[in-house]
Amino acid sequence: MSTVAYTRGGAEYTPVYLMSIDAEKCIGCGRCFKVCGRDVMSLYGVTEDGDIVKPGTEEWDDVEDEIVKKVMQMSEADNCIGCGACARVCPSECQTHAALS
């Protein structure tokens, strides 16, 4: 059975939660980050070797000069409320969403 939520007006809907972000497709534009008020995702760096590194960590400090692009990654997945705003603004369709069963 799926999770059910309600709009302010009482209409029932099924939330679709952010399950993953494909780093190969993500262009790091940050549109999803801007529309999400729940801190579900953050911008990470991708090194020349393809390693995904979180900013502000010791690992980031070690490889900062090797960062070739930035991509969004899930940082606080449990904060997602399943509104789908991030999917609606994503130009690269890099996100996977699903209802909880």
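Strands S4 and S6 pair in the antiparallel sense over 7 bridges, where pairing requires that DSSP finds at least two bridges between two strands. The elements named here are DSSP runs, numbered from the N terminus: helices are H or I runs of at least four residues, and strands are E runs of at least two. The model is predicted, so local features need pLDDT of at least 70 and side-chain atom pairs count only at pLDDT 80 or more, while totals for chains, interfaces and linings use all residues. Residues are numbered from 1 along each chain as its sequence is written, and side-chain values use heavy atoms, with hydrogens and water left out.

S4 also pairs with strand S5 (residues 52–53), again in the antiparallel sense, over 2 bridges. Together the 3 strands form an open sheet in the order S5-S4-S6, with antiparallel pairing. S5 and S6 stand at the edges, each with a single partner strand, so one side of each has no neighbour in the sheet. Strands of a sheet pair through backbone hydrogen bonds, either parallel or antiparallel.

Gly45 has Lys70 as its bridge partner in S6, and Gly45 stands opposite Val53 in S5. Ser42 stands opposite Gln73 in S6. The hairpin of S4 and S5 has 4 residues between the strands, and in this hairpin Gly50 takes a positive phi near 90°.

The setting of S4 can be described through accessibility. A residue is called buried under 20% relative accessible area, exposed over 50%, and partly exposed in between (1.4 Å probe, protein chains only). In S4, 5 of the 7 residues are buried, so this strand is largely enclosed by the rest of the structure. Thr47 lies in S4 and is buried, with a relative accessible area of 4%. Leaving aside residues up to four places away in sequence, Thr47 touches Val53, Val63, Glu66, Ile67 and Val68, a contact being heavy atoms within 4.5 Å.

S4 also contributes to the core. A nonpolar core is a set of buried Ala, Val, Leu, Ile, Met, Phe, Trp, Tyr and Cys residues joined through side-chain atoms within 4.5 Å. The largest one has 16 residues, and those with the most contacts inside it are Leu18, Ile21, Cys26, Val40, Met41 and Met72. Strand S3 (17–21), strand S4 (41–47) and strand S6 (67–74) each supply at least two residues of this core. The largest share, 3 residues, comes from S3. Met41 touches Leu18, Ile21, Cys32, Phe33, Cys36, Met72, Gln73, Met74, Ser75 and Cys86, again not counting residues up to four places away in sequence.

A disulfide is a covalent bond between the sulfur atoms of two cysteines; the criterion applied is a pair of cysteine sulfur atoms within 2.5 Å. A search of the whole structure finds 0 disulfides. For Cys36, the nearest cysteine sulfur is that of Cys86, 6.6 Å away. At 18% relative accessibility, Cys36 counts as buried. For Cys86, the nearest cysteine sulfur is that of Cys80, 6.3 Å away. Cys86 is buried as well, with a relative accessible area of 9%.

Most residues other than glycine have a negative phi. Asp39, however, has a positive phi near 55°. Asp39 is placed in the loop between helix H1 (31–35) and S4, and is partly exposed, with a relative accessible area of 49%. Glu93 has a positive phi near 50°. This residue is found in the loop between helix H3 (85–89) and strand S7 (95–98); at 65% relative accessibility, Glu93 counts as exposed.

The chain as a whole has 3 helices and 7 strands, and from the N terminus on its elements run β-β-β-α-β-β-α-β-α-β. Along its principal axes the C-alpha trace spans about 50 × 25 × 25 Å. Of the 101 residues, 32% count as buried. Residues 24 or more positions apart account for 65% of the contacts with a separation of 6 or more. The chain exposes about 6600 Å², of which carbon and sulfur atoms supply 46%; accessible areas come from the Shrake-Rupley method with a 1.4 Å probe, and for residues only the protein chains shown count as cover.
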